[in-house]
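Please keep the sequence and the structure in view while working through the points below.

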Amino acid sequence: MSYGPNRPDLFRRAGDIADKILRGAKPGDLPVEQPTKFDLIINLTTAKALHLKIPESFLLRADEVIE
């Protein structure tokens with residue numbers, strides 16, 4: 001199971017910041033940004049190997065389920 005920031009969203013936001021800098025903004029004047037989109041990924045194969053039962057309600061909330 002993994003819960004963390006959505007990487008494509010981070011790269012997209014980094015591109016926006018690079019665009020602002022290339023257009024003349026001073027890097028020191030730009031605010032520090034925190035990730036806003038997170039993904040929950042569950043690996044059912046590993047859970048079964050560890051004899052863990054993942055509740056159905058939790059699986060429905062996951063962004064990706066690896067079987």
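1. His51. With a relative accessible area of 74%, His51 is exposed (exposed means over 50% relative accessible area, buried under 20%, and partly exposed in between, with a 1.4 Å probe and protein chains only). His51 sits in the loop between H2 and helix H3 (56-61); helices (H or I, at least four residues) and strands (E, at least two) are DSSP runs, numbered from the N terminus. The phi of His51 is positive, about 60°, although His51 is not a glycine. Most residues other than glycine have a negative phi.

2. Basis of the model. The model is predicted: local features need pLDDT of at least 70, side-chain atom pairs count only at pLDDT 80 or more, and totals for chains, interfaces and linings use all residues. Residues are numbered from 1 along each chain as its sequence is written, and side-chain values use heavy atoms, with hydrogens and water left out.

3. Order of elements. The protein has three helices and three strands. Read from the N terminus, these elements follow the order β-α-β-α-α-β.

4. Overall dimensions. The radius of gyration of the protein is 18 Å, whereas a compact globule of 67 residues would have one near 11 Å. This radius is taken over C-alpha atoms, and the globule rule is 2.2 Å times the number of residues to the power 0.38. Along the principal axes, the C-alpha atoms fill a box of roughly 55 × 15 × 15 Å.

5. Of the 67 residues, 18% count as buried. The accessible surface of the protein is about 5600 Å², and 57% of this surface belongs to carbon and sulfur atoms; such areas come from the Shrake-Rupley method with a 1.4 Å probe, and for residues only the protein chains shown count as cover. The protein has 10 positive and 10 negative charges, whose mean positions are 2 Å apart. Here Lys and Arg count as positive and Asp and Glu as negative, while His and the chain ends are not counted; the place of a charge is NZ of Lys, CZ of Arg, CG of Asp or CD of Glu.

6. The nonpolar core. Which residues form the largest nonpolar core? The seven residues are Leu40, Ile42, Leu44, Ala47, Ile54, Leu59 and Ala62. Strand E2 (38-43) and helix H2 (44-49) each supply at least two residues of this core. A nonpolar core is a set of buried Ala, Val, Leu, Ile, Met, Phe, Trp, Tyr and Cys residues joined through side-chain atoms within 4.5 Å.

7. Leu59 belongs to helix H3, and Leu59 counts as buried because its relative accessibility is 17%. Beyond its neighbours within four places in sequence, Leu59 is in contact (heavy atoms within 4.5 Å) with Ile42, Leu44, Ile54 and Val65. Val65 lies in strand E3 (residues 64-66) and is partly exposed, at 32% relative accessible area. With neighbours within four places again left aside, the contacts of Val65 are Ile42, Leu44 and Leu59.

8. Contacts across the sequence. Among contacts between residues at least 6 apart in sequence, 47% join residues at least 24 apart. Leu40, not counting residues up to four places away, touches Met1, Ser2, Tyr3, Phe58, Arg61, Ala62, Asp63 and Glu64.

9. Is Asp9 buried or exposed? Asp9 is buried, with a relative accessible area of 14%, and has its place in helix H1 (residues 7-22). Apart from neighbours within four places in sequence, Asp9 is in contact with Thr36 and Lys37. Lys26, in the loop between H1 and E2, is exposed at 58% relative accessible area.
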